[in-house]
Amino acid sequence: MTSSTPARKSSSLTERRKAATRMEIARAAARLFVTRGLKATRAEDVAQAAGVAPRTFYRYFATKEEAVAPLYAEGARRWTDAVRARTLIRLAETNPAVRKIWAEECQASERTLAEVLAARTARSGGDDNVARGREADQATVAVPPDLRFAAAVAGAAVRVAVESWATGEAPAEGPEGPTALALRNLTALRDFTWQPEPEPEPEPQPEQD
């Protein structure tokens, strides 16, 4: 009976190579989005920067925006690893003092994310604003309320996923794990209308004789 071990090893090696290629494309996309801006970067530019053919790029990603997905996923996994000692999160559920510290750390992370979003927004104002965006990264950036709200919602999406895992409501891995849940929560925000609805214009009043 022929052993299937060589086939499994070959398959495993292929998957690792695919994952490495996806991450290399993601890093190239992130570099170009930051230095050139999203609008000025084409999928073909990302492929060239990653050292792959455009057809290879589209084999992994449908659009240029999707190219950064592996980095978001890696960030979510690192968040999970950072709180691997789930007893600390459980302790925050029952101990007011620890819960206060946990809340403060979550708020600090939200503030940092809001500042990053504000700096990136300043950078994406156009190709002529790249230098201004770099300066914004190095200085205190005024964070508008809508970006503070976006950061708070995104932070809550990840926090809920981590707390669900820590309290035993979700498994550590798999499609119901904290990483997958966090990504689903963030995906659910994609179609959210962040801009406020415009106020209706007042109806014209009839002229008085």
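## Confidence

pLDDT is the predictor's confidence in each residue, on a scale from 0 to 100. This is a predicted model, so local features need pLDDT of at least 70 and side-chain atom pairs count only at pLDDT 80 or more, while totals for chains, interfaces and linings use all residues. Residues are numbered from 1 along each chain as its sequence is written, and side-chain values use heavy atoms, with hydrogens and water left out.

The protein chain has an average pLDDT of 75. A score of at least 70 is reached by 69% of the residues. Residues 126-139 fall below 50. Beyond near neighbours in sequence, this stretch has 19 contacts in the model (heavy atoms within 4.5 Å).

## Aromatic pairs

Rings of Phe, Tyr and Trp (its six-membered ring) pair if their centres lie within 6.5 Å; planes under 30 degrees apart are stacked, over 60 edge-to-face, and the rest tilted. The count here is three aromatic pairs. Phe57 and Tyr58 are edge-to-face, because their planes stand at 85 degrees, with ring centres 5.2 Å apart. Phe57 also pairs with Phe61. That pair is tilted, at 5.8 Å centre to centre and 50 degrees between the planes.

Ring pairs link Phe57, Tyr58, Tyr60 and Phe61 into a cluster.

## Buried or exposed?

Buried means under 20% relative accessible area, exposed over 50%, and partly exposed in between (1.4 Å probe, protein chains only). Phe57 is buried, at 0%. Phe61 is buried too, at 2%. Tyr58 is partly exposed, at 43%.
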